[in-house]
Amino acid sequence: MNELKVYNPATGDLLATLPMDTQDEIIAKLKSGHDALATWRNTSAYERSTLISKWADLIMQHKESIAKIMTEENGKPYKESLGEVAYAVSYLTWYAEEAKRVYGRTIPAGSMNKRIIVTRQGVGLVAAITPWNFPAAMMTRKAGPALAAGCTFIVKPAEDTPLTMIRLVELAHEAGIPKDVVQCVIGEGAKVGPVFTESQYVRKITFTGSTPVGKRLISESSNTVKHVSMELGGHAPFIICEDTDIDFVIGQAIASKFRNAGQTCVCANRFIVHKNVLAEFSEKFAAAAKALKVGNGMDESTDIGPLINKKGFDKVAAQIEDAKAKGASVLAGGNVIVDTEKNTFFVEPTVLGNVTLDMDIMCDETFGPVAPIIGFESIDEALEIANGTPFGLAAYYFTNNYKTGIYLQDNLDFGIIGWNDGLPSAAQVPFGGFKESGLGREGGIEGIEPYLETKYLSIGNL
């Protein structure tokens, strides 16, 4: 039997050994999810809403233990894990209400002896693949609208962080959601993904992760013409104009860049600062970064936990070295703490000055606690730098000039934009990106749409 070992990235301790599902077991789960569809789809919207709400309540009742599991397998500070639990629940409470708002309509017919009625129904069995960096919220952001729409749901968590997901599924069943309606698969993405995409039982794939994997899932899903939702990579610019309050910006920049050790798809990746405030921002931002404490996430004083694994660490370390080799100056951090025996990897919160566009860190998403700073003179120069990427997930800008603010909003090619706001995510907003950052939206009233099919009925001979 193949096994999955789950380790604490802060200590190297073995947390759990889980049996991985075989291909036959995965197919059996897909069939049971498909078979459960008829009953769940015909459960009233009010009953589905009640069950989703009960699930949300149970999660909040166990928030401390779930946050502990999350910190142990993910590494993020415990206070951030508690925040993620609340964030995850916000999607369930939002979609518990949206379940009751899946409306149809009537359309005037071309003759008086006809009636035309439009209805909506769930697409079918939804297969989700979720990332390790937000193991609770990325699951509920998909499960909430799927269940609300009348779909059944099966999820494969990331290999690094399956324990949080397993606990959430257990609580869903405790809340009364049938076991075949919400299921979990344990396995390697490279093996589970093709089973999902090739299955005739699955009608929709939803994925959060890297753009290369997302492209592969889109391609493989085309053979059975599945619905797909993709929340993929980002490379967020953080533009700071000369008229803004730098002290206010520092707090926003720290929160955006260093949350979860910079391992988020919407965190600031490129700080684009007007040259008239470049020195002031760089000095104050570096000082704030130096004040952050690196350590085990279960230590309440920790601000920056470990990187999730060696692969993630190697990329971050290589970007720092590439920037330094090309002339970047280290304004804060720059050091790494590696224990090869325990397989733990920490990177100090790092701020880089004298950055140029040819550096790898300006071309590729970092996914680590490293902040490169580059200057600009005109707003169009800042826009050229910001938009000069195949990605378009999140962008941030800080200005108190309303004309500049509207101009930036109109011309930034990103799906999520924060104006004087470094943390714009919420359950009620449509989260998603432009270009190679994905397809579809998650959250808000738009978030349930990808889980619904439209049919119309024409009634004649009245």
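Asn 420 is partly exposed, because its relative accessible area is 24%; buried means under 20% relative accessible area, exposed over 50%, and partly exposed in between, with a 1.4 Å probe and protein chains only. Asn 420 lies in the loop between β19 (416-419) and β20 (434-435). Helices (H or I, at least four residues) and strands (E, at least two) are DSSP runs, numbered from the N terminus. The phi of Asn 420 is near 55°, a positive value in a residue other than glycine.

The model is predicted: local features need pLDDT of at least 70, side-chain atom pairs count only at pLDDT 80 or more, and totals for chains, interfaces and linings use all residues. Residues are numbered from 1 along each chain as its sequence is written, and side-chain values use heavy atoms, with hydrogens and water left out.

Phe 367 also has a positive phi, near 60°, and is a residue other than glycine. Its place is the loop between β15 (350-353) and β16 (370-376). With a relative accessible area of 22%, Phe 367 is partly exposed. Most residues other than glycine have a negative phi.

**The chain as a whole**

The chain contains 14 helices and 22 strands. Its radius of gyration is 23 Å, close to the 23 Å that the globule rule gives for 462 residues, so the chain is as compact as a globular protein of that length. This radius is taken over C-alpha atoms, and the globule rule is 2.2 Å times the number of residues to the power 0.38. Along the principal axes, the C-alpha atoms fill a box of roughly 75 × 60 × 40 Å. Buried residues make up 53% of the 462 residues. Of the contacts with a separation of 6 or more, 72% are between residues 24 or more positions apart; contact means heavy atoms within 4.5 Å.

**Buried residues and their neighbours**

In helix α8 (residues 189-198), the residues Val 192, Gly 193, Val 195, Phe 196 and Thr 197 are buried. The buried residues of α8 pack against α1 (23-35), β5 (125-129), β6 (153-156), β8 (202-208) and α9 (211-221).

| Residue | Relative accessibility |
|---|---|
| Tyr 91 | 0% |
| Asn 260 | 1% |
| Leu 58 | 15% |

Tyr 91 is placed in helix α5 (residues 78-98). Not counting residues up to four places away in sequence, Tyr 91 touches Thr 140, Arg 141, Ala 426, Ala 427 and Gly 443. The side chains of Tyr 91 and Arg 141 make a polar contact at 3.5 Å. A polar contact is a pair of N or O atoms within 3.5 Å; within protein, one must be able to donate a hydrogen and the other to accept it, and residues adjacent in sequence count only if both atoms are side-chain atoms.

Asn 260 is found in the loop between α10 (246-258) and β11 (268-274). The side chain of Asn 260 reaches the backbone oxygen of Asn 133 at 3.2 Å. With residues up to four places away in sequence left out, Asn 260 touches Asn 74, Lys 76, Glu 80, Asn 133 and Phe 134.

Leu 58 belongs to helix α3 (residues 45-61). Beyond four places in sequence, Leu 58 touches Leu 171, Glu 174 and Ala 175. Leu 58 and Ala 175 are 117 residues apart along the chain, and their C-alpha atoms are separated by 7.1 Å.

**The largest cavity**

On a 1 Å grid over the protein atoms alone, a cavity is a set of points where a 1.4 Å probe fits but cannot get out, a pocket is an open set with protein on both sides within 12 Å along at least five of seven lines, and lining residues have an atom within 4 Å of a point. The largest cavity holds about 40 Å³ of space. Its lining consists of Ser 229, Met 230, Glu 231, Phe 431, Gly 432, Leu 439, Gly 440, Arg 441 and Glu 442. Strand β9 (residues 227-231) supplies the largest share of this lining, three residues.

Terms used: Points joined across faces, edges and corners; volume = space filled by probe spheres on them.
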